Every structure is written in C-alpha cells, then in structure tokens.
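Please look through the sequence and the model before reading on. The report below then takes up the parts of the chain one topic at a time.

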Amino acid sequence: MGTRQSRPWIVSDELWSLIEPLLPESAPKLVEGRPRVPDRRALCGILFVLHTGIQWEYLPQELGFGSGMTCW
C-alpha cells in the first residue's frame with residue numbers, strides 16, 4: 001500500500017509550479033483594505049473544504065487559508 005499524506009490539502013511545490021502559470025496576474029489594488037490572500041493559500045483552503053466536506057462558512061481561520069467566502 002502507498003503511504004497516505006497526513007494533510008492532503010497542502011499543495012506541494014511541484015504541483016504549485018504546474019498550477020501557478022495558469023493563474024492570471026493579480027491586478028494592483030485601487031483602494032485600501034484587507035491584504036489579498038495568496039493564491040496558493042486560497043487553493044489549500046479550497047482543497048481543505050473539498051477533502052473534509054465542511055461548509056465554506058466553517059473554514060477555520062486558524063489554518064491561514066482566508067475566510068470561507070474568500071476561498072469560495
């Protein structure tokens with residue numbers, strides 16, 4: 001049997017190097033406000049929700065993925 005990854009929602013450097021070129025460049029902020037959540041963290045949040053099956057609104061802020069609405 002293969003080894004099971006303990007946190008499958010963490011995006012590896014290898015996978016991120018394949019995904020990052022597909023994402024559009026972020027536009028400069030025109031107004032002050034909350035800083036943008038990095039795309040890689042948002043993707044990890046999306047994978048966390050998909051893996052655990054929790055509702056978007058219950059995405060734990062402590063994990064650093066941003067809010068559920070941000071990831072959604």
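What follows is a description of a helix, its aromatic neighbours, a nonpolar core and the salt bridges.

## About the model

This is a predicted model, in which local features need pLDDT of at least 70 and side-chain atom pairs count only at pLDDT 80 or more, while totals for chains, interfaces and linings use all residues. Residues are numbered from 1 along each chain as its sequence is written, and side-chain values use heavy atoms, with hydrogens and water left out.

## Helix α2

Helices here are DSSP runs (H or I, at least four residues), numbered from the N terminus. Helix α2 covers residues 39-52. The expected span of a helix is 1.5 Å times one less than its number of residues, and for the 14 residues of α2 this gives 20 Å, which agrees with the 20 Å between its end C-alpha atoms. After α2 comes glycine 53, with a positive phi near 80 degrees.

Within α2, the residues Ala42, Cys44, Gly45, Phe48 and Val49 are buried, where buried means under 20% relative accessible area, exposed means over 50%, and partly exposed lies in between (1.4 Å probe, protein chains only). Viewed down the axis of α2, its buried residues fall within an arc of 155 degrees, so they line one face of the helix; the arc is that of the directions from the helix axis to the C-beta atoms. An α-helix has 3.6 residues a turn, so residues three or four places apart point the same way. Among the parts that cover the buried residues of α2 is α3, where cover rests on contact, meaning heavy atoms within 4.5 Å.

## Aromatic pairs

Rings of Phe, Tyr and Trp (its six-membered ring) pair if their centres lie within 6.5 Å, and planes under 30 degrees apart count as stacked, over 60 as edge-to-face and the rest as tilted. By this rule there are 2 aromatic pairs. In one of them, the rings of tryptophan 9 and phenylalanine 48 have centres 4.8 Å apart and planes at 85 degrees, so the pair is edge-to-face. This pair joins distant parts of the chain, 39 residues apart, with tryptophan 9 in the segment before α1 and phenylalanine 48 in helix α2.

Phenylalanine 48 also pairs with phenylalanine 65, and here the centres are 6.0 Å apart and the planes stand at 45 degrees, so the pair is tilted. Phenylalanine 65 lies in the loop between α2 and α3, 17 residues from phenylalanine 48.

## The nonpolar core

A nonpolar core is a set of buried Ala, Val, Leu, Ile, Met, Phe, Trp, Tyr and Cys residues joined through side-chain atoms within 4.5 Å. The largest one has 9 residues in all, including Trp9, Val11, Phe48 and Phe65, and α2 gives the most to this core, with 3 residues. Not counting residues up to four places away in sequence, valine 11 touches Trp16, Arg40, Leu43, Cys44 and Leu47.

## Salt bridges

Side chains of opposite charge can pair when their charged atoms come close. The structure holds 2 salt bridges, each being a side-chain nitrogen of Lys or Arg within 4 Å of a carboxyl oxygen of Asp or Glu. Aspartate 13 pairs with arginine 40, the closest N and O atoms being 2.8 Å apart, and this links helix α1 to helix α2. Aspartate 13 is exposed at 58% relative accessible area, whereas arginine 40 is partly exposed at 26%.

Aspartate 39 forms a salt bridge with arginine 36, with the closest N and O atoms 2.9 Å apart. Aspartate 39 counts as partly exposed at 30% relative accessibility, and arginine 36 counts as exposed at 54%.

Notes: Helix = DSSP H or I, 4+ residues; strand = E, 2+ residues; numbered from the N terminus.
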